Amino acid sequence: MTIETGSREDALARAAAMFDEGKLKARLSDFVAIPSTSQEPGHAPYLTQYLEEAIKPWAERLGFTSVTIHPNPREGFGPILTAERTEDPERPTALLYGHGDTVRGLDDQWSEGLKPWELTERDGKWYGRGTADNKGQHVINLMALEAVLAARGGKLGANVKLVLETAEERGSLGLRDFVAQNAKLLASDVLIASDGPRVMPEVPTIATGTRGTFHFDLEVKLRDGGVHSGHWGGLTTDPAVILAHAIGTMMDRNGKILVRDWLPRNGVPADVRGVLSGCEVGGGGEAATIDADWGEPGLTAAEKIYGWNSLIILAMVSGRPENPVNAVAPDARAHCQIRYTVDSDTAGFEPALRKHLDAHGLENVAIANAFVRMPASRTSPSHPWVIWARESMEKSLGKHVQVIPNSSGGLPGDVFVDHLDVPLIWVPHSYNGCKQHGPDEHLLPGPAREGLIAFAGMYWDLGEKK
C-alpha cells in the first residue's frame with residue numbers, strides 16, 4: 001500500500017521508522033547518560049544540565065519558543081523548564097508534562113554488566129536509570145511530535161506547551177507554587193502526558209488520574225535506653241510487640257484494611273467499576289505476584305489497585321537488626337503509607353487511626369509526621385477528551401485501549417487540575433515490572449514503539465480537532 005505524503009498514515013510511519021532505525025534508542029541513551037538524580041545533593045548540577053543540554057536545544061528545533069529554565073520556587077529543589085509552540089490561539093492547546101529527575105542510581109546494586117547511567121540492551125529490554133521513569137516516556141512523546149511536524153511540513157495545526165520539572169522524585173515540591181504563579185503561561189485545554197505503567201505490558205492504557213499518598217509514622221517509645229533481655233525480658237513491655245499488635249489491628253493477615261474510615265466514602269463508584277469491568281492487570285515480572293486472597297475481599301485485582309485504597313508498611317525497626325544486642329529495645333517505629341483515591345477523606349485519616357488505636361487499648365502508640373505527600377486526582381473516564389484520546393489511540397494501534405480511572409502510583413495531576421482546570425490524560429509507556437525505583441530499571445521496546453505511534457496519531461488528530 002502506498003502511503004500518501006503528508007497524511008496521518010505518513011506521520012505514523014515516520015514515527016515507527018524513528019524507532020526501527022534506532023533514533024529513539026540513541027537519543028534516550030544520550031539522555032540516560034546524564035546522571036540527573038534529584039535524591040543525591042551532589043547531583044544537583046546534572047538537573048540543570050539535563051534541561052539545558054538535552055531538552056532545550058531539542059525543543060527549539062521543534063519550533064518551541066520562549067524555552068525558559070526557571071528556578072524552583074522552593075529553595076533546594078530542581079529547576080523547571082517551560083516552552084510553548086503556538087500556531088493559532090483559536091486552535092486546541094495540549095500541555096505536555098514530564099520530569100527529568102530520577103531516583104538514586106544505586107550503582108552497586110545493579111546486575112553484573114549493567115550500569116544506571118548507561119543504556120544497555122539485554123534480553124529484549126533497555127536498561128538504564130530513567131528509561132522508564134521518566135526520560136524514556138517524555139522522549140517518546142517529543143519524538144512523536146517531531147514525526148508529525150515532519151509529515152505536515154513543519155506545521156501541527158494545534159498548539160503545544162511543555163512543562164518539565166526536576167523534583168518529581170522528591171514529591172514535586174515547588175511545582176504547585178510554580179503552576180499557580182504561571183497559570184496564564186501554561187493555560188491549556190488538556191494535559192496529555194506519560195508516566196507510570198500500563199495495566200499489562202501488551203495493553204495500551206489511558207489513566208485519567210492518580211492515587212494519592214498519605215504518610216505517617218507509628219512510634220512506641222517506652223524508655224530512654226535498652227535494658228538487659230535476661231534480667232528484664234518477660235517483665236518489662238517490649239515496644240516491638242506493641243507496634244506489631246498495633247499494625248495487626250489496622251490490617252488483617254490477608255491485607256484487608258480494618259480502619260474502615262480510611263476507605264473510599266461510597267465504595268467503588270459506579271463509573272469506576274464500569275470502566276474497570278474486564279480489565280486485567282499483571283506483567284510485573286519475577287519481582288512480585290498478584291495474590292488473589294490479598295486485599296479487600298470481593299474486589300477484582302483492577303478494582304483493588306485502581307479503585308480502592310491500600311496500606312503499606314514501608315519500613316519498621318526496633319533495636320539494631322544489623323547488629324542485635326541482648327536487650328529489650330527502648331522504642332519501635334514504623335513508617336506507613338496509604339495509597340488512596342479521590343473518593344477518600346484524607347483529613348479524617350489521622351483522627352480515625354487515633355480513635356481506632358485507643359479503642360484497642362493502644363494509647364501508648366503515637367502517630368507522628370502525618371501528611372499528604374501527593375494528592376489524588378481524577379478526570380471522569382467518560383470525559384470527551386478521554387473518549388477522543390482512546391479513539392485516536394485505537395485507530396493508530398488497531399487494538400483495544402484500556403481506560404482506568406487513575407493510575408496506581410502518584411503523580412502531580414492535582415496541580416494541573418487545581419490551577420489550570422484541565423482534564424488529565426496519562427498514557428503510560430512502561431509496565432509494573434520495570435523496576436523503576438530499584439536496580440535494573442528498564443523499558444520494554446514493544447510498548448515504546450507503540451507509544452511513539454499512538455502519540456503521533458494523537459498529535460495528528462489534535463491538529464484536526466475542531
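Helices α2 and α4 cross in a right-handed manner (a crossing is right-handed if the near helix is turned clockwise from the far one by less than a right angle, and left-handed if anticlockwise). The model is predicted, with local features requiring pLDDT of at least 70 and side-chain atom pairs counted only at pLDDT 80 or more, while totals for chains, interfaces and linings use all residues. Residues are numbered from 1 along each chain as its sequence is written, and side-chain values use heavy atoms, with hydrogens and water left out.

Helix α2 (residues 23-32) packs against α4 at an angle of about 135 degrees, the axes being 10 Å apart. Axes are lines fitted to C-alpha atoms, for helices over the stretch in contact, and angles run from 0 to 180 degrees between N-to-C directions. The two helices, α2 and α4, are therefore oblique to each other (angles under 35 degrees count as roughly parallel, over 145 as roughly antiparallel, 65 to 115 as roughly perpendicular and the rest as oblique). On the α2 side, the contact (heavy atoms within 4.5 Å) is formed by Lys-23, Leu-24, Arg-27, Leu-28, Phe-31 and Val-32; α4 contributes Lys-135, Gly-136, Val-139, Ile-140, Met-143 and Glu-146. By class, 7 of these residues are nonpolar, 1 is polar and 4 are charged (Ala, Val, Leu, Ile, Met, Phe, Trp, Tyr, Cys and Pro count as nonpolar, Asp, Glu, Lys and Arg as charged, and the others, Gly among them, as polar).

Helix α4 (residues 135-151) also meets helix α3 (residues 44-61), their axes coming within 11 Å and crossing at roughly 20 degrees. This angle makes α3 roughly parallel to α4. Tyr-50, Ile-55 and Trp-58 of α3 make the contact with Lys-135, His-138, Val-139, Leu-142, Met-143 and Glu-146 of α4. The contact of α3 with α4 comprises 6 nonpolar, 1 polar and 2 charged residues.

The count of cavities of 30 Å³ or more comes to 1, a cavity being a set of points on a 1 Å grid over the protein atoms alone where a 1.4 Å probe fits but cannot get out, with lining residues having an atom within 4 Å of a point. The largest cavity holds about 40 Å³ of space, a volume being the space filled by probe spheres set on the points. Its lining consists of Leu-96, Tyr-97, His-138, Asn-141, Leu-142 and Leu-162. Two or more lining residues come from each of β3 (93-99) and α4, and α4 gives the most, with 3 residues. The lining of the largest cavity has 4 nonpolar, 2 polar and no charged residues.

Technical notes:
Helix = DSSP H or I, 4+ residues; strand = E, 2+ residues; numbered from the N terminus. 1 Å grid on protein atoms, 1.4 Å probe; cavity = no way out; pocket = protein on both sides within 12 Å on 5 of 7 lines; lining within 4 Å.
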